[in-house]
Amino acid sequence: MKRFDEVRQFDHPALEREILAWWQAHGIFKKSIAQRQGAPAYTFYEGPPTANGRPGIHHVMARAIKDIFCRYHTMKGFRVERKGGWDTHGLPVEIEVEKRLGLESRAQVEAYGIARYNDACRRSVLEYKEDWDDLTRRMGYWVDLDHPYLTFQSQYIESVWWLLKQIYDKGLLYQGYKIQWYSPGSGTVLSSHEVSLGYREVQDPSAYVRFRLEDERETALLAWTTTPWTLVSNAALAVGPDVEYVKIRHDDPHLGPEWLVLARDRLDVIKGDYEVAATYRGRDLVGLRYTPLFDYFTDAFGETAWRVIEADFVSTDEGTGIVHIAPAFGADDYDVGLREGLPLLNPVTPEGTFTAAATLVAGDWFKDADNKIIHDLKDRGLLYRRETYLHNYPHDWRKGTPLISYPVESWFIRTTAIKDRLIALNDT
C-alpha cells in the first residue's frame, strides 16, 4: 500500500478504495470479532432498513452512527457481532407493490388475492439488496450481511409470536381501542410523522346545534362542532365544572321563544336580543339528560348515554363552552368516555363510509355526510346556526384523502403493571 500521507495529499477516493479492498482481502471485520473470543458480548442487531427501495444519504448518516458505537465498544474490549437484517413488512413494501399492480384499496387487494399479493411483496422486498450491499461496503460499515435476519422468515415471525405468548401468559396482553389518525384511503393508521406531512388548509362546515333537555323540551343546550358528521355518534355533552353558564330567553324568527344554555363568555354567539334567565356553574349542569339528535342507538344505550358530564378540556375560547362528545372519533372524547362509561358509537366503516345503522347517511363517505346531517337538523329545528370554518386538516400524504380520527382495535401490553421494575432495572 502507498503511505497514508502520500495518498491523502492527492487522491481521497483512491485511498478509500485501497483501504476497503485491504479490509475485504484480509477479512479485517471478522478478525476484529475473532480477536475478542471469550470477551463480554456487546449485542447489536441493526434496526433493519427496507430493501425494496434504493438507499439514500439519510441511511449513510444513520449507519455511520451505528458503526461508531460498535467500533467504540470493540475498542473497549467487547466482542461485538453485528447482525444485519432486512425489514420486509409494512407500508413501504405495500405501496410499491400496489403501484405496480394498480391496486388502490383494501377491497382491491382482497379481490386480487392475499396469497398472490403476499407473493408479490415477497419478490419485491429484496429488489435493491445489491445496491444496499454496495453502499454498505463503500461506506466502510461493518455488519454481517452474509447471515441477515429477514422479517418474513418463519423463524423470525415465530420468535415474535413466542415473545407475545410470554407476555400473554403473564396476563399483560389485552385488547382494546386506541383513537388514531387513520386513512380510509390506505386502510391503515398513520404515524404522527406521516400525519404532519399531510396538513392542508380547508374550509369545513361548522354547526351550532340545539340539544333539547328531556324534562324541559323548550330548553336546549347549545353546542358547537366542526365535524357535523360525528353528531350521529354523539354520546354526551361536556361542560367545564368551574365555567359560568347562563340560560337565556331568545326569540328565534322561525321557532319563536326558546331558552338556550351556553357559557356566559360565549354569548356573542347569539344573534339578536336575549334575556339572561338563570346562571349556573358547570358542575350544576352535570347529570342533566337530553334527547339524542338521532335515535339510531337509543334502544341499546339509552341508560348510559346522552347526559351532561364534566371535562377539564372544556374552554370558552371558541364555540359555546359546551362540547359535543363522540368517544369513537376523538382521543379526549374517548378518554372521558372510558371514565364516564359512555358507549363507543361507531357507524363508520374502515373504508370511511357510514353503515346501514345510520339510515340518513348510509353508504355516504364520512366527509360528504356533513351537509345532509346539517339540512336534517335544520328541518327538525335543531340547527341554531351554520358557518364555514377555515382550519388545517390532516390528509393522507400518499392518497390525498382526508384522515379520520378513528377507534382502531388494538392489542396493548400492560406496561403500567411492570413500570416500577422497568425503571429499577434501567437504573442498573
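Predicted model: local features only at pLDDT ≥ 70, side-chain atom pairs only at ≥ 80, totals over all residues.
Strand 4, which covers residues 173–183, pairs with strand 5 over two bridges in the antiparallel sense. Within this part of the sheet, serine 183 stands opposite threonine 188 of strand 5.

## Aromatic pairs

The count of aromatic pairs in the model comes to 17. One of them joins tryptophan 23 and tryptophan 142, whose ring centres are 4.9 Å apart and whose planes stand at 65°; since planes over 60 degrees apart count as edge-to-face, this pair is edge-to-face. Tryptophan 23 belongs to helix 2 (residues 12–26), while tryptophan 142 lies in the loop between helix 8 (129–138) and strand 3 (144–150), so the pair ties together parts that are 119 residues apart in sequence. With a relative accessible area of 23%, tryptophan 23 is partly exposed, whereas tryptophan 142, at 13% relative accessibility, counts as buried.

Another aromatic pair is formed by tyrosine 149 and tyrosine 156, and it is stacked, with 5.8 Å from centre to centre and 10° between the planes. Tyrosine 149 is buried, its relative accessible area being 15%, while tyrosine 156 has a relative accessible area of 32% and is partly exposed. Elsewhere, one aromatic cluster is made up of Tyr182, Trp229, Phe329, Trp365, Phe366 and Tyr406.

## Charges over rings

Tryptophan 142, the buried partner in the edge-to-face pair described above, also has a charged group over its ring: the charged end of arginine 71 sits there, 4.0 Å from the ring centre. A lysine is placed over a tyrosine ring as well, for lysine 367 lies over the face of tyrosine 393, at 4.0 Å from the centre of that ring.

## Two packed helices

Helix 5, made of residues 91–101, packs with helix 7, made of residues 114–124, at an angle of about 110°, and the axes of these helices are 10 Å apart. Because angles of 65 to 115 degrees count as roughly perpendicular, helix 5 is described as roughly perpendicular to helix 7. The crossing in which helix 5 passes helix 7 is right-handed.

Note on methods:
Residues numbered from 1 in each chain as written. Heavy atoms only, no water. Phe/Tyr/Trp six-rings, centres within 6.5 Å; stacked < 30°, edge-to-face > 60°. Helix = DSSP H or I, 4+ residues; strand = E, 2+ residues; numbered from the N terminus. Buried < 20%, exposed > 50% of the residue type's maximum accessible area, 1.4 Å probe, protein only. Lys NZ or Arg CZ within 6 Å of the ring centre and 35° of its normal. Pairing = 2+ DSSP bridges. Axes fitted to C-alpha atoms, helices over the stretch in contact; angles between N-to-C directions. Parallel < 35°, antiparallel > 145°, perpendicular 65-115°, else oblique. Left-handed = near helix turned anticlockwise from the far one by under 90°.
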